[in-house]
Amino acid sequence: MSGRVRLGAVGAGWWATSNHFPIFAGREDVDLVGVCGIGPELEDVRAQFGFGMATNDYDELLDQDLDAVVITTPHDLHHPQAVAAIERGLHVLVEKPVTLTAEQGWDLADRVREAGVHFLAPYGWNYKAFTIEAKRLVEAGRLGEIQHVLCHMASPTRGLFAGDTNHIRSLWDSKTSGPDPRTWQSPSRGGGYAHGQVTHSSALLFWLSELRAASVMAKVSNVGAAVDLFDAAVITFDGGALGSLSGAATLPDGNPYQVDLRIFGTEGVLLLDTERERVSLHRHDGQQWDLDIEPGAGAYECIVPPNRFIDLITGASTENNSDADVAARSVELIDAMLRSAAVGGAEVSVHGPADAGAADPHEESA
Ligand SMILES: NC(=O)c1ccc[n+]([C@@H]2O[C@H](COP(=O)([O-])OP(=O)(O)OC[C@H]3O[C@@H](n4cnc5c(N)ncnc54)[C@H](O)[C@@H]3O)[C@@H](O)[C@H]2O)c1
């Protein structure tokens, strides 16, 4: 499409007001048509960013003349709200985790493909210059066939998952609110480290490697919290590669986020580390790539994804590094990890014959 993107937003809490809305409000090609939320601060948010209307009723938002919707609500609401928007032919930015179950994740991917709309899950690390360079090396076949994977993440998020969520305002602040603990700390609403953070490291792994998990054995530990703070899993991928995954919510505040991927192929090994900004690919034939990365470039930020969503709609870009298929492969892994952990760590299938008709994760969605 050409011209301005008419945007609606559902969810107007901490993340929407500290990250997404300032970005959209700063673009000349976006009209902020309406905002939907349920808190008492909604009118303040409308006025702060210049939305044309505010409502507590999502259907009323969807009744406006819109091109696209941004969904930044608690995790369990993403699927129904995205379905309602896609059914109206709207492009959707859906926050992570895009759904809580594999079935819902692939349902969204199917709907996106059928409706021909743009779908982007804002995984910030998938848009860093050094991860894009790593992706090019993998796509060029430098690793050979992937045989083993390590996927680790740790975050300074003890407060977010098990304490005062306002601790995170030192990193991303909002004039109106800190994160609502019910969004991050309720087991029934998809709280916890796996849905909240392993979603990032797994989405980076799945985008980079194009792997899809086949089965998983997992344990999680709450150490007294209502939700998981530590996650550990052994994964078998389609094609037979073996992987180990770890996640930890309790880095001290002020420590850099850790995302450490190590991918071992028949021809070489890729090491990608956001904490110490390392991307290296070393091959058995002696060829080596060691990228120059500016110190600090690995720090988490989510500036590109909302901008990219608009650029996809206007046609200014065609590159989507976190489409519905990448998001669904992350969701199905976490869904299976939590199912395995619930039965004491027994091995469970990630996807079975029942979803044999599901989208081919290697195909690009719209
Ligand atoms: N991509 C990232 O890097 C990133 C970073 C932080 C948060 N997030 C995601 O953003 C989302 C929101 O997180 P948050 O911390 O801002 O949560 P929050 O609790 O601060 O905000 C949630 C918002 O949803 C609204 N809401 C709740 N129920 C609603 C309903 N039924 N209808 C309409 N609105 C409703 C609330 O009024 C509030 O405005 C989560 O999915 C979270 O995982 C993503």
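Biologist: What domains does the assignment of the protein chain give?

Modeller: Two pieces: domain 1 covers 5–124, and domain 2 covers 125–299 + 323–354. These bounds come from an automatic or database domain assignment. This is a predicted model, where local features need pLDDT of at least 70 and side-chain atom pairs count only at pLDDT 80 or more, while totals for chains, interfaces and linings use all residues. Residues are numbered from 1 along each chain as its sequence is written, and side-chain values use heavy atoms, with hydrogens and water left out.

Biologist: How far apart do the C-alpha centres of domain 1 and domain 2 lie?

Modeller: They lie 24 Å apart. The contact, meaning heavy atoms within 4.5 Å, takes 32 residues from domain 1 and 34 residues from domain 2.

Biologist: What is the area buried between domain 1 and domain 2?

Modeller: Buried area is the accessible area, taken with a 1.4 Å probe, that two parts lose on being put together, summed over both. Here that comes to about 2900 Å², with carbon and sulfur atoms giving 60%. On the domain 1 side, W14, W106 and Y123 supply 30% of what is buried against domain 2, more than any other three residues.

Biologist: What makes R189 and D76 a salt bridge?

Modeller: The term asks for a side-chain nitrogen of Lys or Arg within 4 Å of a carboxyl oxygen of Asp or Glu. The closest N and O atoms of R189 and D76 are 3.1 Å apart, so the pair meets that cut-off. The count between domain 1 and domain 2 is 2 salt bridges, and the structure holds 23.

Biologist: Why does the pair D65 and R6 tie together separate parts?

Modeller: Their side chains meet in a salt bridge at 3.5 Å, N to O. D65 sits in the loop between helix 3 (58–62) and strand 4 (68–71) and R6 in strand 1 (residues 5–10), so the pair links parts that are 59 residues apart in sequence. Helices (H or I, at least four residues) and strands (E, at least two) are DSSP runs, numbered from the N terminus.

Biologist: Which elements supply at least two residues each to the side of domain 1 that touches domain 2, and how many residue pairs are in polar contact across the interface?

Modeller: A polar contact is a pair of N or O atoms within 3.5 Å; within protein, one must be able to donate a hydrogen and the other to accept it, and residues adjacent in sequence count only if both atoms are side-chain atoms. The rule finds 11 such residue pairs across the interface, both at pLDDT 80 or more. The elements are helix 1 (14–25), helix 2 (42–49), helix 5 (102–115) and strand 6 (119–120). Helix 5 gives the largest share, 6 residues.

Biologist: What makes the backbone at K96 to P97 and at V223 worth a look?

Modeller: Most residues other than glycine have a negative phi, and most peptide bonds are trans. The bond from K96 to P97 is cis, with omega near -20°, and P97 lies in the loop between strand 5 (91–94) and helix 5. V223 is not a glycine, yet has a positive phi of about 35°; its place is the loop between strand 8 (213–221) and strand 9 (230–237).
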